[in-house]
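Dear colleague,

Please find below the structure that I am handing over to you. My findings follow it, grouped by topic.

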Amino acid sequence: MGFKLRNDAKRWFKKIRDQKDNSFNVEFDSYYFCLISGLLSKRQEDIPASDLTEFIDYFPDKYKNKGKILIALFLSKELNKMGVSFDEKKQVHAVVSKLIDPQSYNYLSEEGLKQFNRYANAGFDELSDKMDRPETIEDFLISFDKHIKNNNY
Amino acid sequence: MAAEITILGWKAIGFRCPDHEINLMNKSDTLYPVSLIQMPNGTGKTTTLNLIQAALSGLATNWSSSRIREFEKRDNIDRKANFEMSLLLNEKKFTVQMHFDFEEGIVRYKTTYGTGQKDGFLPPREFKKFLSENFVKFYVFDGELAEKLLNHNDTNAENVIEHLFQIDHIQIIKRAIEKYWEDATSNQSATEEKGLTQAKKNLKDKKEKLKRYEKDIKILEEEEEKNTEELKKLKEKYESELQRSREYSDELRNLQGELRNTEAEEKSLSTVILEKMTDATNLSTKVAKELHDFKNSLDRVKLPETAAREFFQELAEETECVCGREITKDIKQEILHRAEQYLGSDDVSLLNSIKTSIEDSVGISESSGEEELNELLDKLQKLSEAKHEIQQDLDQKYLDAENSDPELEEIRERMTELNTLIAGTQEDMQKYIDPLFSEYNIEPLKKEIIDLEEKVAERTKTVSLNRMRTALHKILNNAYQNARNNISIEIVKDANEKIGMLMPHNEIRIEKIDKSIILKNQAGGSVGEQLSVAYAFLSTLFQRSDHSLPFIMDSPVGAIDGDIREEIANLIPRLAKQFIAFTISTERQNFLKPLENASGGNIQYLTLFRKGKADYDSKSKEVVESVDGVLIKDREYFNNFQIEKE
């Protein structure tokens, strides 16, 4: 199983993906911003499989060394979601064991990846509800930053 | 492949006939083409013949107990009997033993072919049709067969013709075709033709759809190319017109240069910003703090532990703990149970690595990431605004130039129009090539067409296969009927010629073969006539076949007159490679001499009788005595033996 991006999210990001000579040039770029929006807004959603496109199962390119930060943010949100305190070592172990897999390319277990994708699904709703469809990468980056600040994430 | 059956001999012990052993090979181990076994009536010719038939067909397994007991020798104390027959089947030895148990009323067969003896009557597969009840009747010929040949309830001459002339192979081919068809179509339904028509229609529709889409795409591409070409020319024209006016050209050039530089800077900066944003700790101080807290919390509670699960699992395998105490079975179970509470070493390693990543990203300040990002974004904002202003200045300059030169305005308007058209064309084309627009997308449509083409090909193959199968069946059925009819006609013609030779003054002739022999204008005939018809038919049959079967007969000329006997004697050597006849003394006349002439004198003369029924020289080496029988292998004795009946 790999990362899954909503088809409507792909359409939403298409213009900036197609922009010439820019660095927003891999599918994971679109996925990342959806994921971050979902994690920061603490929203998750299930989407029908037909509306999703599975792509890679590893952190590519510029995300190679940032993957563990994402995992950390994800674990933090999950522990918080489950109401597990760090003093409850047993429960922390259980959550961590359930969600991560050191042997997988993305360090996530099957359950972990499933929850990851659920954040990305909801994150797109968050973006499209609160931002205009981006015309250029420059516009998008500025708008995204405003979105983070406006919501105090 | 042609089949050859040769009888080497047999041995009978414990039956109604005298105990005897017959060897049909001469001293040099070659076959006697003719063996005559002279036995007075009542000696057990019929018994012996029946035993031979049973040995060659496995017939005795169907006999009732009373039938079996009919073979029992009187005063047979142990109530058992054995009949053993040896054959060559295409040069390979085949032995059949029949063990009779008269008390139980059963017969047990044992067969030897190649290595080892097996229980049951088990002839090799390729000989089964010749060593069968129906077929054996045609070459182990008892006196009743001649009559039976004319009765369709008792015989099936058509089957024998089929086997002898291998017409039955046509049926074998038909069965092979059926099997091929079943294997090829095991997954297909009976409505294949209908399915194929539907599949072909679907394929045609999809191909037409693809053709339409490709045509639309071509039109769009041509339109885009045309508009782009026109736009390019207009741009050049527009620029060259502007250049002509020195008033605007320098300013425009400067602004365009500025714009290009600003755009390049913008692009470069957005790359840096995107890179920075991919590290979540830079997005906001709050995020950085959350991650830092996550890491610190893990450190505070000493997670992950320094000891991993594997340590405790390995410890549980030891006999002694690190503290020196003995690890009992119970303690081991407890250690293993509690070890589950610890993370595995890989998990420990990953968590530590995550903590390190956070530490490296956040560094000493949780806010520095956001601050740096804010600076960059401010720069980007300013660059965008600057670009916007330059663009506005540029647009104004263009507008001023256009105002002073209507042609320029016209060109500009047309350029704007073309840009809109090109954008529209590109958007229209998207639906055919963007996988998100599944209804119009041509790539999945092409794949569907390929899949359908494969399905149609497969179904067409099945339908074609069925047509070929039906045609083959028709051809084979025709071939089968024609072969049967034509062969029958030929056999009837030849047999009638032989009947004419045997009985030149007799009008009896065969009309046709339809299961049994059907005579022209009469239902049957005298015993002599039946025998002559049978000889004529069988000799035609066996002479024309590729197979070589022995011919065993009881009273070959018993009921036949003098002249015909001579004709039959001439026929016999041509009848079969091996002819064995059970005769009585009265058959010698007009038969033996012509037979000797026709067969070149290569005849085995055997006389078999019960002890005490005839005189003989017991010291002669040609005499073999059994418990109750005497077998004499001598021509002179044969010729002089006068006992017709016991």
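I begin with helix packing in this predicted model. In chain B, helix α5 (residues 157-164) packs against helix α16 (residues 527-544) at an angle of about 25°, and their axes are 10 Å apart. Angles under 35 degrees count as roughly parallel, so α5(B) is roughly parallel to α16(B). The crossing of these two helices, α5(B) and α16(B), is right-handed. On the α5(B) side, the contact is formed by Ala157(B), Val160(B), Ile161(B) and Leu164(B), which meet Phe537(B), Leu541(B) and Phe542(B) of α16(B). In the contact of α5(B) with α16(B), seven residues are nonpolar, none is polar and none is charged.

A second pair also lies within chain B. The axes of helix α6 (residues 168-184) of chain B and helix α15 (residues 442-502) of chain B come within 10 Å and cross at roughly 170°. With that angle, α6(B) and α15(B) are therefore roughly antiparallel to each other. Residues of α6(B) in this contact include Ile170(B), Ile173(B), Ile177(B), Tyr180(B) and Trp181(B), while those of α15(B) include Leu465(B), Arg469(B), Leu472(B), His473(B) and Tyr480(B). The residues of the contact of α6(B) with α15(B) comprise 11 nonpolar, five polar and three charged.

The next pair involves both chains. Helix α3 (residues 67-81) of chain A packs with helix α12 (residues 345-362) of chain B at an angle of about 105°, the axes being 9 Å apart. The two helices, α3(A) and α12(B), are therefore roughly perpendicular to each other. From α3(A), Lys68(A), Ile69(A), Ile71(A) and Ala72(A) take part; they meet Leu350(B), Ser353(B), Ile354(B), Ser357(B), Ile358(B) and Ser361(B) in α12(B). By class, the residues of the contact of α3(A) with α12(B) are six nonpolar, three polar and one charged.

I turn now to the largest pocket. The space in the largest pocket is about 1,000 Å³. Its lining consists of 23 residues, and those nearest the centre are Lys15(A), Asp18(A), Glu135(A), Ala423(B) and Gln426(B). Two or more lining residues come from each of α1 (7-18) of chain A and, in chain B, α8 (246-277) and α14 (406-433). The element that gives the most to the lining is α14(B), with six residues. Of the lining residues of the largest pocket, 16 are charged, five are polar and two are nonpolar.

Most residues other than glycine have a negative phi, and most peptide bonds are trans. The peptide bond from Leu303(B) to Pro304(B) is cis, with omega near -5°. Pro304(B) is placed in the loop between α9 (285-300) and α10 (309-316) of chain B. In chain A, Asn152(A) has a positive phi, near 55°, although this residue is not glycine. Asn152(A) is found in the segment after α6 (137-150) of chain A.

Yours sincerely

Technical notes: Residues are numbered from 1 along each chain as its sequence is written. Chains are lettered from A and ligands numbered from 1 in the order in which they are written. This is a predicted model: local features need pLDDT of at least 70, side-chain atom pairs count only at pLDDT 80 or more; totals for chains, interfaces and linings use all residues. Side-chain values use heavy atoms; hydrogens and water are left out. Axes are lines fitted to C-alpha atoms, for helices over the stretch in contact, and angles run from 0 to 180 degrees between N-to-C directions. Helices (H or I, at least four residues) and strands (E, at least two) are DSSP runs, numbered from the N terminus. Angles under 35 degrees count as roughly parallel, over 145 as roughly antiparallel, 65 to 115 as roughly perpendicular and the rest as oblique. A crossing is left-handed if the near helix is turned anticlockwise from the far one by less than a right angle, and right-handed if clockwise. Contact means heavy atoms within 4.5 Å. Ala, Val, Leu, Ile, Met, Phe, Trp, Tyr, Cys and Pro count as nonpolar, Asp, Glu, Lys and Arg as charged, and the others, Gly among them, as polar. On a 1 Å grid over the protein atoms alone, a cavity is a set of points where a 1.4 Å probe fits but cannot get out, and a pocket is an open set with protein on both sides within 12 Å along at least five of seven lines; lining residues have an atom within 4 Å of a point. Grid points are joined across faces, edges and corners, and a volume is the space filled by probe spheres set on the points.
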